Amino acid sequence: MQDKAFWFREYKQGRRFIVKIRPEESITKCITELVTQEKINCAVVLSAIGSVKNVRLKDIKSGARLPISSARLIAHEIEGPLELLGLTGNVVPGEDGKPDCHLHIMASKSSGDVVGGHMYDANVFATCEIVLVELSVEGIERYQSKSGGTPTLFFSEE
């Protein structure tokens, strides 16, 4: 069998949510609570604006090779506050069956410099408004990739 260059699933859009998160709250925790409460299996973050602080990132070191290991990642925190310019990502079931958020953030400092990367979490500073779209799709989960070294999407065989 020849290795595939990519995998895909067609999906239909389900419910759409406009979410406002209060100051001091964890963005990742609130998204996880929403999808759990509403019994959402898969979702995508369509847009997000507001302001954040205590942004926790984990980015790949320059020159890193596969598989990615913790030694090849840089964890850092940006205190902020920062303007939230964008948040993108998806939520799918993880290995434990619970919602697993994979999020990337772009935010600006007061100097106008833009920072971003793989976001583990951030707290809302003044406000955060997110548009979240439920995806109606089956056969997608996130597992630890042996070749890549990081959690990634896996598609069940049809």
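Tutor: Ala, Val, Leu, Ile, Met, Phe, Trp, Tyr, Cys and Pro count as nonpolar, Asp, Glu, Lys and Arg as charged, and the others, Gly among them, as polar. Keep in mind that this is a predicted model. By those classes, the lining of the largest pocket splits into 9 nonpolar, 6 polar and 4 charged residues.

Student: What is the volume of the largest pocket?

Tutor: About 460 Å³. Of its 19 lining residues, Cys101, His102, His118, Tyr120 and Pro151 are the closest to the centre. H1, E2, E5 and E6 each give two or more residues to that lining. E5 gives the most, with 6.

Student: Which residues line the second largest pocket?

Tutor: Trp7, Ser145, Ser147, Thr152, Leu153, Phe154, Phe155 and Glu157. The volume of this second pocket is about 250 Å³. Its lining has 4 nonpolar, 3 polar and 1 charged residues.

Student: Why is Ser108 called buried?

Tutor: The cut-off for buried is under 20% relative accessible area. Ser108 has 13%, so Ser108 is buried. Ser108 belongs to strand E5. Beyond its neighbours within four places in sequence, Ser108 is in contact with Leu82, Glu83, Leu85, Asp113 and Val114.

Student: How many disulfides does a search of the whole structure find?

Tutor: The search finds 0.

Student: What is the closest cysteine sulfur to that of Cys101?

Tutor: The one in Cys30, at 11 Å, which is too far for a bond.

Student: What makes a set of residues a nonpolar core?

Tutor: The members must be buried residues of the listed nonpolar kinds, joined through side-chain atoms within 4.5 Å. The largest core here has 29 residues, and Ile27, Val55, Leu87, Met119 and Ile130 touch the most other members. At least two core residues come from each of E1, H1, E2, E4, E5 and E6. A second, separate core has 5 residues, including Cys42, Val92, Leu135 and Ile140.

Student: Which residues is Ile130 in contact with, leaving aside its neighbours within four places in sequence?

Tutor: Phe17, Ile18, Val19, Ile21, Ile27, Ile31, Val45, Ser47, Ala48 and Leu87.

Conventions:
Residues are numbered from 1 along each chain as its sequence is written. This is a predicted model: local features need pLDDT of at least 70, side-chain atom pairs count only at pLDDT 80 or more; totals for chains, interfaces and linings use all residues. Side-chain values use heavy atoms; hydrogens and water are left out. Buried means under 20% relative accessible area, exposed over 50%, partly exposed in between (1.4 Å probe, protein chains only). Helices (H or I, at least four residues) and strands (E, at least two) are DSSP runs, numbered from the N terminus. Contact means heavy atoms within 4.5 Å. On a 1 Å grid over the protein atoms alone, a cavity is a set of points where a 1.4 Å probe fits but cannot get out, and a pocket is an open set with protein on both sides within 12 Å along at least five of seven lines; lining residues have an atom within 4 Å of a point. Grid points are joined across faces, edges and corners, and a volume is the space filled by probe spheres set on the points. A disulfide is a pair of cysteine sulfur atoms within 2.5 Å.
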